[in-house]
Amino acid sequence: MIHRAFRYKLAPTAEQEVLLRQFAGVVRLVYNLALEQRRDWWRHYRRQTGNRLNDIAQARELTALRAAFDWIAAVHVTPQQQALRDLDKAYANFFAGRAGYPSRPARRA
């Protein structure tokens, strides 16, 4: 099987660069909040609801977060939900022994 890839250099305008940074910042925030929630609050969540804390449960809470903060709602919901799915996959890989414990993504300048 041959894999082919293409690389494109982006040249965003100043306005587009601001939007891209906002986009990346919100998605990183959602991932970090979900990671903290799973790390620190999963027992409390399980006691309260009787369910596991997974990407579906956190997506329900994302809806409330988006309703509370306009600047989070300004970024489309799909990449935010993908961040939750990525975290779920990271935990699955960790518990299967394929990867280390999930960590916060590095912030790039």
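Which side chain does the side chain of glutamine 80 join in a polar contact of 3.5 Å? The partner is arginine 66. The model is predicted.

**Glutamine 80.** This residue is found in helix H5. Its relative accessible area is 0%, under the 20% cut-off, so glutamine 80 is buried. Leaving aside neighbours within four places in sequence, glutamine 80 is in contact with Val26, Val27, Val30, Leu62, Arg66, Ile72 and Val75.

**Largest pocket.** Helix H5 (77–95) also supplies lining to the largest pocket, as do helix H1 (14–40) and helix H2 (42–49); each gives at least two residues. The largest share, 4 residues, comes from H5. The space amounts to about 340 Å³. Lining residues include Arg38, Trp42, Arg46, Asp88, Tyr91, Phe95 and Tyr101. By class, the lining has 6 nonpolar, no polar and 5 charged residues.

**Aromatic pairs.** The structure holds 5 aromatic pairs. In one, the rings of tyrosine 91 and tyrosine 101 have centres 5.5 Å apart and planes at 85°, so the pair is edge-to-face. Tyrosine 91 lies in helix H5 and tyrosine 101 in the segment after H5, so the pair ties together parts 10 residues apart in sequence. Ring pairs link Tyr91, Phe94, Phe95 and Tyr101 into a cluster.

| Residue | Relative accessible area | Class |
|---|---|---|
| Glutamine 80 | 0% | buried |
| Tyrosine 91 | 8% | buried |
| Tyrosine 101 | 41% | partly exposed |

Key: Residues numbered from 1 in each chain as written. Predicted model: local features only at pLDDT ≥ 70, side-chain atom pairs only at ≥ 80, totals over all residues. Heavy atoms only, no water. 1 Å grid on protein atoms, 1.4 Å probe; cavity = no way out; pocket = protein on both sides within 12 Å on 5 of 7 lines; lining within 4 Å. Points joined across faces, edges and corners; volume = space filled by probe spheres on them. Nonpolar A, V, L, I, M, F, W, Y, C, P; charged D, E, K, R; others polar. Buried < 20%, exposed > 50% of the residue type's maximum accessible area, 1.4 Å probe, protein only. Polar contact = N/O pair within 3.5 Å; in protein donor to acceptor, adjacent residues only side chain to side chain. Contact = heavy atoms within 4.5 Å. Phe/Tyr/Trp six-rings, centres within 6.5 Å; stacked < 30°, edge-to-face > 60°.
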